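The sequence and structure are shown first.

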Amino acid sequence: MGTNDLNTQPILVGMGGHALVVRELLESLGFSPKGYLDDSSGDDFAEKLPYLGSESSPEIQPLLREHPLCITVGTNAIRARLDEQLSSLGGQILEPIIHPTAYVSDSASLAAGTQVLPQAAVNARSVVGRCVIINTSAIVEHECQIGDYCHLAPGSVLAGNVTLGKSVFVGANASIIQGIKVGEKVIIGAGAVVIRDVPAGATVVGNPARIIKLR
């Protein structure tokens, strides 16, 4: 039985605004989530989705092996940490989930844990890494390479042949022109227009984008 079998009842990991969006996406695809894991319960979820406990609790570990896990945290570093932690405990991350209104080319490749939200597009021969968020109306054009744990915020655009290293955040309505290479853990501010390569650890803003911080 695959991790996207509708009978598997995925468990959401993390509670917050992004989790609300992903829960609705799962339900639109026909899944019935088992519940959610977090360090504390939340009123927004209590009515419809059971709180199962903390992902670090020993008593939760059997559930991690029985149900596929959907990491519902928007912050890249936390999503990466949870993926590594849960995988080390024998958990299996849910295969990619794609909103019915999104488009993913048959020649594109999505790794486990990736989430493609409403009206987003992933075009021909693009390769998307593990636990990537392609948020509402984000566009990934042809032959892009997106590293693990990236987050493309709503309305962001990657033109053709863009390469993102691991854990890059592309802010809302930011654009990256064709052929640009962006290093790991870069933050691209909302509305930025990236017209040249960006080194790892940089924060860039503006049009054209300029470096304001380098870690």
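In which helix do Arg23 and Glu27 both lie, and how many residues apart are they? The two residues belong to helix α1 (residues 17-28) and are four residues apart, about one turn of the helix. The model in which they are placed is a predicted one.

**Salt bridges**

Side chains of opposite charge can pair when their charged atoms come close. The count of salt bridges in this model comes to two. Arg23 pairs with Glu27, and Asp83 pairs with Arg130. Across the interface of domain 1 and domain 2, one salt bridge is found.

| Salt bridge | Closest N and O atoms |
|---|---|
| Arg23 with Glu27 | 3.6 Å apart |
| Asp83 with Arg130 | 2.7 Å apart |

**Domains and their interface**

The chain is divided into domain 1 (11-89) and domain 2 (97-204). Their contact takes 16 residues from domain 1 and 16 residues from domain 2. Between the C-alpha centres of the two domains the separation is 23 Å.

The size of an interface is often given as the accessible area lost when the parts come together. For domain 1 and domain 2, about 1300 Å² is buried between them, and 61% of this lies on carbon and sulfur atoms. On the side of domain 1, the residues that lose the most area to domain 2 are Leu25, Asn76 and Arg79, which together account for 39% of what that side buries.

**The largest pocket**

Rolling a probe the size of a water molecule over the atoms shows where empty space is left. In this model the largest pocket holds about 220 Å³ of space. It is lined by 13 residues, of which Asn76, Ala77, Ser167, Lys185 and Arg215 are the closest to its centre. By class, the lining has six nonpolar, five polar and two charged residues. Helix α4 (residues 76-88) gives the most to this lining, with three residues.

Why does the largest pocket lie between domain 1 and domain 2? Domain 1 (11-89) and domain 2 (97-204) both give residues to its lining, so the pocket lies between them.

**Backbone geometry**

Most residues other than glycine have a negative phi, and most peptide bonds are trans. Tyr149, which is not a glycine, has a positive phi of about 65 degrees. This tyrosine is found in the loop between β13 (145-146) and β14 (151-152). A cis peptide bond joins Asn207 and Pro208, with omega at about 0 degrees. Pro208 is located in the loop between β22 (202-205) and β23 (210-214).

Note on methods: Residues are numbered from 1 along each chain as its sequence is written. This is a predicted model: local features need pLDDT of at least 70, side-chain atom pairs count only at pLDDT 80 or more; totals for chains, interfaces and linings use all residues. Side-chain values use heavy atoms; hydrogens and water are left out. On a 1 Å grid over the protein atoms alone, a cavity is a set of points where a 1.4 Å probe fits but cannot get out, and a pocket is an open set with protein on both sides within 12 Å along at least five of seven lines; lining residues have an atom within 4 Å of a point. Grid points are joined across faces, edges and corners, and a volume is the space filled by probe spheres set on the points. Ala, Val, Leu, Ile, Met, Phe, Trp, Tyr, Cys and Pro count as nonpolar, Asp, Glu, Lys and Arg as charged, and the others, Gly among them, as polar. Domain bounds come from an automatic or database domain assignment. Contact means heavy atoms within 4.5 Å. Buried area is the accessible area (1.4 Å probe) that two parts lose on being put together, summed over both. A salt bridge is a side-chain nitrogen of Lys or Arg within 4 Å of a carboxyl oxygen of Asp or Glu.
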